Amino acid sequence: MATPGPVNAKVPFEPSQPPVIEGFNPTVYSNPEGFKEKFLRKTRENPMVPIGCLGTAAALTYGLYCFHRGQSHRSQLMMRTRIAAQGFTVVAILVGLAASAMKGRS
């Protein structure tokens with residue numbers, strides 16, 4: 001079993017700050033993005049993921065509404081539709097990852 005290396009005593013541990021890793025820059029952008037900018041950029045890169053998420057949320061909401069009203073057949077249909085929408089979203093994520101990996105190689 002290997003023993004850990006010496007601890008660097010001149011840099012104190014500061015829990016409120018992220019760790020410093022040599023050669024690692026946490027952002028590739030010169031200015032930090034806000035939530036809105038990042039959401040819009042990601043939506044432009046892969047628009048099928050938000051569409052799948054909205055479809056999943058709509059099927060779930062309508063399925064719960066039908067369940068509440070006692071329409072069990074339609075509620076079951078909507079839960080199956082929700083599973084299909086979730087599958088669509090996962091496939092959209094995987095296709096987006098594959099596309100970005102292929103774009104990175106070019």
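Trainee: Where is the place of Gln-86?

Mentor: This is a predicted model, in which local features need pLDDT of at least 70, side-chain atom pairs count only at pLDDT 80 or more, and totals for chains, interfaces and linings use all residues. Residues are numbered from 1 along each chain as its sequence is written, and side-chain values use heavy atoms, with hydrogens and water left out. Helices are DSSP runs of H or I with at least four residues, numbered from the N terminus, and the place of Gln-86 is in helix α3.

Trainee: Is Thr-89 buried or exposed?

Mentor: Thr-89 also lies in helix α3. Buried means under 20% relative accessible area, exposed over 50% and partly exposed in between, with a 1.4 Å probe and protein chains only. Because its relative accessibility is 9%, Thr-89 counts as buried.

Trainee: Which residues does Thr-89 touch, not counting those up to four places away in sequence?

Mentor: Contact means heavy atoms within 4.5 Å. With residues up to four places away in sequence not counted, Thr-89 touches Val-49, Gly-52, Cys-53 and Thr-56.

Trainee: Which residues are linked with Arg-41 in a network of salt bridges?

Mentor: A salt bridge is a side-chain nitrogen of Lys or Arg within 4 Å of a carboxyl oxygen of Asp or Glu. The side chain of Arg-41 meets that of Glu-33 at 2.9 Å, N to O, while the closest N and O atoms of Arg-41 and Glu-45 are 3.1 Å apart. Since Glu-45 and Arg-41 are 4 residues apart in helix α1 (residues 35-45), they are separated by about one helical turn. The residues linked with Arg-41 in the network are Glu-33 and Glu-45.

Notes. Helix = DSSP H or I, 4+ residues; strand = E, 2+ residues; numbered from the N terminus.
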